[in-house]
Amino acid sequence: MTLEATSPGANYGSTASNSSFYAAMRILPRDQREAMFQIYSFCRQVDDIADSDGPRDERLAALQDWRNDIDALYQGNPPPRLADYVGSVKTFGLKREDFLAIVDGMEMDVPQDIRAPDMATLDLYCDRVASAVGRLSVRVFGLPEEDGILLAHHLGRALQLTNILRDIDEDAGLGRLYLPREALLHAGITSNDPNRVIAERALAKVCLPLAQRAKAHFEQSDEIMNRNRRRAVRAPRIMSKYYHAILDLLIARGFNAPREPVRVSKVTRFAILLRYALI
């Protein structure tokens, strides 16, 4: 499950994303809440590097610095910017490979802008920038190992695909296109130029199957959460309900230009919190 983001890809900074993230995290006990904010802070910092307009070689070097710092943390020599993470890593058993996967995912946007990746590459991207965050998060939430990994897989992909569908125009403005190549070709769209693709009349033929894929992941994640302790899945449940509501609004609005931004109403947000936070 992503901690959400705003830019292309993972988007760890938008106001809308922050509202859902903070609402979901504020209900956690203090040690869990602090660990989740550390994870969020890490994601935000590496996302900011990937999405900056600095020279690509400098961004690659900065991401490598984060890899080195993660290695140092797990070798018992945490750098200052990760000193506070020692307790959370030990308490919740956070895995080095998940932090590194997030950096790898952010780096996928750096050597060149992602444009119409094949489905396998898109799925790898979703795993790194979203499901890897989920794998860290479910350890904090206290889910059983097997169900936690499954929930991270499905909910992470559901949230990230929803991000991609929501942010089509924003991503195109940054020269990026996350819609899968196979779906574009199936719809008769041969260009991978973001601004040309988002103006295509056949765009809905690309987006609707991706929306259905996201819905299937939401359904799988619901099944996993339904069989686990309600308190252990409160935070991911809130994130899921917010983003499922966004996806429903996107489908109802349609994907042909012009596309008005969609927002979950305050009434809906409050209803989600009322139902799932007070357990």
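Student: In this predicted model, which element gives the largest share of the lining of the largest cavity?

Tutor: The lining of the largest cavity includes M119, L122, D123 and C126. Elements that give two or more residues to this lining are α6 (119–141), α7 (145–166) and α11 (203–226). The largest share, four residues, comes from α6.

Student: How many nonpolar, polar and charged residues are in the lining of the largest cavity?

Tutor: Besides the residues already named, R157, L161, R213 and H217 line this cavity, which holds about 60 Å³ of space. By class, its lining has four nonpolar, one polar and three charged residues.

Student: What is the volume of the second largest cavity?

Tutor: Its lining consists of I164, I168, D171, R176, L177, Y178 and L179. By class these are five nonpolar, no polar and two charged residues. The volume of the second largest cavity is about 40 Å³.

Student: How many disulfides does the model contain?

Tutor: A disulfide requires a pair of cysteine sulfur atoms within 2.5 Å. For C43, which is buried at 0% relative accessibility, the closest cysteine sulfur is that of C126, 14 Å away and therefore too far for a bond. The sulfur of C126 has its closest cysteine sulfur in C207, 14 Å away, which is also too far for a bond. The count of disulfides is zero.

Definitions and conventions: Residues are numbered from 1 along each chain as its sequence is written. This is a predicted model: local features need pLDDT of at least 70, side-chain atom pairs count only at pLDDT 80 or more; totals for chains, interfaces and linings use all residues. Side-chain values use heavy atoms; hydrogens and water are left out. Buried means under 20% relative accessible area, exposed over 50%, partly exposed in between (1.4 Å probe, protein chains only). On a 1 Å grid over the protein atoms alone, a cavity is a set of points where a 1.4 Å probe fits but cannot get out, and a pocket is an open set with protein on both sides within 12 Å along at least five of seven lines; lining residues have an atom within 4 Å of a point. Grid points are joined across faces, edges and corners, and a volume is the space filled by probe spheres set on the points. Ala, Val, Leu, Ile, Met, Phe, Trp, Tyr, Cys and Pro count as nonpolar, Asp, Glu, Lys and Arg as charged, and the others, Gly among them, as polar.
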